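Morning, everyone. Please have the sequence and the structure open.

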Amino acid sequence: MSDFQSWVASHQHDFEDVLRRLLPQGDTEPQRLHAAMRYSVLEGGKRVRPLLAFAAGELVNADIERVSIAASAVELIHAYSLVHDDMPCMDNDVLRRGKPTCHVEYDEATALLVGDSLQSLAFQLLAGHCLSDDPARQMEMVRLLATASGSRGMAGGQAIDLASVGRQLSLPELEQMHIHKTGALIRAAVLLGAYCGQPLDSAQLEALDRYGKCVGLAFQVVDDVLDSEADTATLGKTAGKDADNNKPTYVTLLGAAAAQQMAAGLHDEALAALAPFGEDAHRLRELADFIVLRKF
Ligand code: GRG
């Protein structure tokens, strides 16, 4: 196992314990809702967004307890988005993270409430723990996550996505959709991790934000390639859904080879943005490599 692989495995392991502790226990009333929340969050997922927050936190010597809370808030928002996205009124999918989706395992009303409750819990965590010695910075963190997940961020991107089914989008339109739907939360994960530590100057924050924007978009481009090329067992979710749903993707627009090339270009841009941080940013560099080279 490489040094990076053991860093990932150890953070994934410890982060699972953090989530287990922060989520309401399954025997707490209302039990069915709490069990469904735990089902949707625990034991699954690559935890890419939390890993980005941990790597950004390491760059600024942030307290790991603080980063764990920020990372949990982001992961809970991500998990809520997956639960809602899989529902019949949206993507109508039956498999997620190698398991039946929440509404299949439980029911639609429960899945709706799971998403709602995970979103509320994310903000409860951000507001209920001390994440910065500067209260104004902590308020900025709450605002950042709210913006990234709301109608000007992830939910807005999802709305554009739903409206795009069966339509031909231009490359800039597709990029706008994905910058919001997928990119906004990934970008927020990087900045939230960084906000937990030593203050950065505006040029450094801007550089980190550029990194987050590039890896966020690269993540989606690679996701489109994997959706068209990998199999359901490897992905743990239904492969080929985009084509089946007649959705525009980087692959349908550019072809797989050009899409892969685009991801490589974004990867290079992400690494260039990290240049001012030198060796201290090595985990963020490794995560950019992982995001572009991943096979699942
Ligand atoms: C319902 C408000 C709302 C938003 C949904 C994120 C999203 C927006 C929908 C999920 C569908 C999808 C394929 C989105 C693209 C982003 C993406 C690749 C999500 C999957 O993220 P991974 O690969 O999942 O990080 P794991 O399971 O590893 O956490």
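Which element gives the most to the lining of the largest cavity? It is α4, with 3 residues. Before going on, the ground rules. This is a predicted model, in which local features need pLDDT of at least 70 and side-chain atom pairs count only at pLDDT 80 or more, while totals for chains, interfaces and linings use all residues. Residues are numbered from 1 along each chain as its sequence is written, and side-chain values use heavy atoms, with hydrogens and water left out.

Now the terms. On a 1 Å grid over the protein atoms alone, a cavity is a set of points where a 1.4 Å probe fits but cannot get out. A pocket is an open set with protein on both sides within 12 Å along at least five of seven lines, and lining residues have an atom within 4 Å of a point. Points are joined across faces, edges and corners, and a volume is the space filled by probe spheres set on them. Helices (H or I, at least four residues) and strands (E, at least two) are DSSP runs, numbered from the N terminus.

Back to the cavity. By class the lining has 7 nonpolar, 3 polar and 5 charged residues; Ala, Val, Leu, Ile, Met, Phe, Trp, Tyr, Cys and Pro count as nonpolar, Asp, Glu, Lys and Arg as charged, and the others, Gly among them, as polar.

Next, the largest pocket, with about 980 Å³ of space. It is lined by 46 residues, of which His78, Leu82, Arg96, Asp223 and Lys237 lie nearest its centre. Here too α4 gives the most, with 7 residues. The lining divides into 13 nonpolar, 13 polar and 20 charged residues.

What takes up the space of the largest pocket? The ligand does, where sitting in a pocket asks that more than half of a molecule's atoms lie within 2 Å of its grid points. There are 19 residues around the ligand (a heavy atom within 4 Å), and Lys46, Arg49, His78, Asp85 and Arg97 come nearest. The shell has 6 nonpolar, 7 polar and 6 charged residues, and α4 gives the most to it, with 6 residues.

Ligand oxygen atoms also come up to side chains. One is 2.7 Å from an N or O atom of Arg49. For His78 the distance is 2.8 Å, and for Arg97 it is 2.8 Å. Taken alone the ligand exposes 700 Å², and the protein buries 92% of that, with areas from the Shrake-Rupley method and a 1.4 Å probe.

Last, the second largest pocket, at about 300 Å³. It has 15 lining residues, with Leu144, Thr147, Arg187, Leu191 and Asp209 nearest the centre. Two or more residues come from each of α7 (135-149), α9 and α10. Of these, α9 gives the most, with 7 residues. The classes are 8 nonpolar, 2 polar and 5 charged.

Note on methods. A polar contact is a pair of N or O atoms within 3.5 Å; within protein, one must be able to donate a hydrogen and the other to accept it, and residues adjacent in sequence count only if both atoms are side-chain atoms.
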